[in-house]
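Biologist: I would like to go through the packing and the pockets of this model. Please take the core to begin with.

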Amino acid sequence: MAPATLTPERRGVAAALLFLGSAALAGVQLVEVGTRYRTPGLVEGVFALLLVYVLLLRGVWIRPPGWTGWLAVAYGAAASAQLLEMLLPPPGVIEWMVVFVLAFAAWGALTAGTRTRLVASLASLALLLALVRYSVIPVLWERVGPAPGEAFGLGNAAEGIRRVLADHEPVRAGGQLLGLLALALWALGTRLLWDADEGSKSLQPKELDAS
């Protein structure tokens with residue numbers, strides 16, 4: 001007897017739960033004192049809708065039939081928006097530059113060759129965004145210019161310049177771990193939708209060879 005496999009409907013439910021968990025974890029922000037919950041804004045929402053459209057168009061996400069499929073796509077869009085809120089740089093000049101580059105790079109995603117290449121591109125993009133937010137910006141914040149109140153008031157001016165570049169707020173190491181778990185759940189949900197049509201294909205009778 002062949003081992004039981006997930007039907008497309010069950011894949012949709014499982015993917016929806018994974019995306020829901022991803023959205024919940026991605027919103028948690030462990031700042032230096034206390035915990036906050038961030039919500040995506042208009043920029044992240046627009047990019048999330050565009051990303052979902054590209055994923056469906058290129059066959060990375062294959063919507064399961066029925067209401068479970070729409071639920072998975074809806075939760076996937078919410079999780080994508082939360083992840084973008086987590087990965088994009090904080091408000092400032094750096095964020096404007098990054099969003100400007102992403103807006104032009106989105107056109108290239110529409111013409112990606114294969115869905116494997118598209119997923120690899122998204123993984124590389126997530127890595128670069130994480131590098132900018134959690135490595136480049138903190139280093140610049142701590143080492144460029146004097147601290148506030150130092151250097152006969154010049155530190156206050158340096159603080160203002162840093163705020164214009166990026167309104168950075170340090171987070172604890174545990175916050176980055178939660179972000180990593182959120183990305184992993186999103187990837188698992190994507191993997192389930194990737195094969196969402198396998199169950200329906202296996203139920204179709206094989207065509208007889210007419211020759």
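Biologist: Which residues have the most contacts inside the largest nonpolar core?

Modeller: The model is predicted. Its largest nonpolar core has 37 residues. Those with the most contacts inside this core are Phe19, Leu55, Trp61 and Trp186.

Biologist: Which element gives the largest share of this core?

Modeller: Two or more residues come from each of helix H1 (8-26), helix H2 (42-57), helix H3 (67-87), helix H4 (93-109), H5 and helix H7 (173-194). The largest share is nine residues, and the element that gives it is H3.

Biologist: With neighbours within four places in sequence left aside, what is Trp61 in contact with?

Modeller: Trp61 is among the core residues with the most contacts. Its partners beyond four places in sequence include Val52, Leu56, Val73, Gly76, Ala77, Ser80, Thr190 and Leu193. The list also holds Phe19, Leu55 and Trp186.

Biologist: Which helix gives the most to the lining of the second largest pocket?

Modeller: That pocket has a volume of about 410 Å³. Its lining has 20 residues, with Gln29, Pro90, Arg133, Asp167 and Glu169 nearest the centre. By class, nine lining residues are nonpolar, three polar and eight charged. Five of the lining residues come from the helix that gives the most, H5 (residues 115-143).

Key
Residues numbered from 1 in each chain as written. Predicted model: local features only at pLDDT ≥ 70, side-chain atom pairs only at ≥ 80, totals over all residues. Heavy atoms only, no water. 1 Å grid on protein atoms, 1.4 Å probe; cavity = no way out; pocket = protein on both sides within 12 Å on 5 of 7 lines; lining within 4 Å. Points joined across faces, edges and corners; volume = space filled by probe spheres on them. Helix = DSSP H or I, 4+ residues; strand = E, 2+ residues; numbered from the N terminus. Nonpolar A, V, L, I, M, F, W, Y, C, P; charged D, E, K, R; others polar. Core = buried A, V, L, I, M, F, W, Y, C linked by side-chain atoms within 4.5 Å. Buried < 20%, exposed > 50% of the residue type's maximum accessible area, 1.4 Å probe, protein only. Contact = heavy atoms within 4.5 Å.
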